[in-house]
Amino acid sequence: MFITFEGPEGSGKTTQFQRVVAALQAVGVDVLATREPGGTLIGEQVRDILLNRPEGAAMAPEAEALLFSAARAQHVREVIRPALAAGRTVLCDRFYDSTLAYQGYGHGLDLTALRQITTFATGGLRPDITIYLDCPPEVGLGRKQSQAELNRLDRLALDFHRRVYAGYQAMMQQEPERWVAVDATPGPDEVFARIVAALRLRGLRL
Ligand code: TYD
């Protein structure tokens with residue numbers, strides 16, 4: 001089983017991700033928890049180029065899409081596919097839907113080209129379930145209090161984040177069987193309870 005987590009900035013995605021990982025481990029599921037961009041030594045270096053360096057401000061959106069995809073290609077081959085082949089349950093904080101949402105809908109890159117790049121990068125691997133933490137950008141960005149909490153992409157204009165948000169809604173409508181949307185605006189315990197309920201409905205024991 002390959003489960004990914006998606007959501008806009010400030011949706012509490014990473015907190016919920018960690019709670020779900022812990023809950024699955026507590027009932028004895030063999031979980032591999034990983035994240036994008038990153039998840040490998042090569043991928044973490046690419047992450048640094050993408051998110052942390054001042055020169056990133058000059059990065060062309062096409063270069064950005066290819067770097068996220070390069071990190072993903074390494075991640076799939078080095079970590080995700082071997083874990084799935086060993087029968088482990090893989091949980092990944094962000095995956096290719098982020099590229100479609102941010103570089104596609106957000107920056108306006110061609111979605112057909114991005115899907116082809118994504119298929120090349122992943123070798124066609126797709127998540128079984130994608131948990132989407134639904135949180136409007138006005139709410140999510142407001143939750144990030146200080147500039148220090150914001151990475152290069154977080155700092156882009158509200159318009160960009162609105163396009164990302166609309167992009168996620170569009171992708172969910174195109175593939176409703178894969179996505180599980182959970183309202184991320186209530187408190188963290190309530191959001192977690194809803195995720196657990198949704199995963200149980202999909203046959204996960206936790
Ligand atoms: P991260 O600090 O992991 O933030 P978050 O908690 O929001 O996941 O930063 C990842 C950033 O990279 C986030 O702003 C989304 C962006 N991103 C893309 O633009 N494209 C991608 O393909 C991926 C994986 C992430």
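In which loop is Arg94 found? Arg94 lies in the loop between strand E3 (89-93) and H4. This is a predicted model: local features need pLDDT of at least 70, side-chain atom pairs count only at pLDDT 80 or more, and totals for chains, interfaces and linings use all residues. Residues are numbered from 1 along each chain as its sequence is written, and side-chain values use heavy atoms, with hydrogens and water left out.

View 1. The phi angle of Arg94 is near 75°. That is a positive value in a residue other than glycine. Arg94 is also among the closest residues to the ligand.

**View 2. The shell around the ligand.** The ligand is surrounded by 17 residues (a heavy atom within 4 Å). Glu9, Lys13, Thr99 and Gln103 are also among the closest. By class, the shell holds seven charged residues (Asp, Glu, Lys and Arg), five nonpolar (Ala, Val, Leu, Ile, Met, Phe, Trp, Tyr, Cys and Pro) and five polar (the others, Gly among them).

View 3. Polar contacts are pairs of N or O atoms within 3.5 Å. A ligand oxygen is 2.8 Å from a side-chain N or O atom of Lys13. For Arg72 the distance from a ligand oxygen to such an atom is 3.0 Å, and for Arg47 it is 3.1 Å. The protein covers 89% of the 550 Å² of accessible area that the ligand has on its own (Shrake-Rupley method, 1.4 Å probe).

**View 4. Helices at the ligand.** Helix H1 (13-26), helix H2 (41-51), helix H3 (61-85) and helix H4 (96-106) each give two or more residues to the shell. Helices are DSSP runs (H or I, at least four residues), and strands are too (E, at least two), numbered from the N terminus. H4 gives the largest share, four residues.

**View 5. A tilted aromatic pair.** The ring centres of Tyr132 and Tyr168 are 4.9 Å apart and the planes are at 40°, so the pair is tilted (centres within 6.5 Å; under 30 degrees is stacked, over 60 edge-to-face, the rest tilted). Tyr132 is in strand E4 (residues 129-134) and Tyr168 in helix H7 (residues 158-174), 36 residues apart.

**View 6. A cis peptide bond.** Glu36 and Pro37 are joined by a cis peptide bond, with omega about -10°. Pro37 is in the loop between strand E2 (31-35) and H2.

Technical notes
Polar contact = N/O pair within 3.5 Å; in protein donor to acceptor, adjacent residues only side chain to side chain. Phe/Tyr/Trp six-rings, centres within 6.5 Å; stacked < 30°, edge-to-face > 60°.
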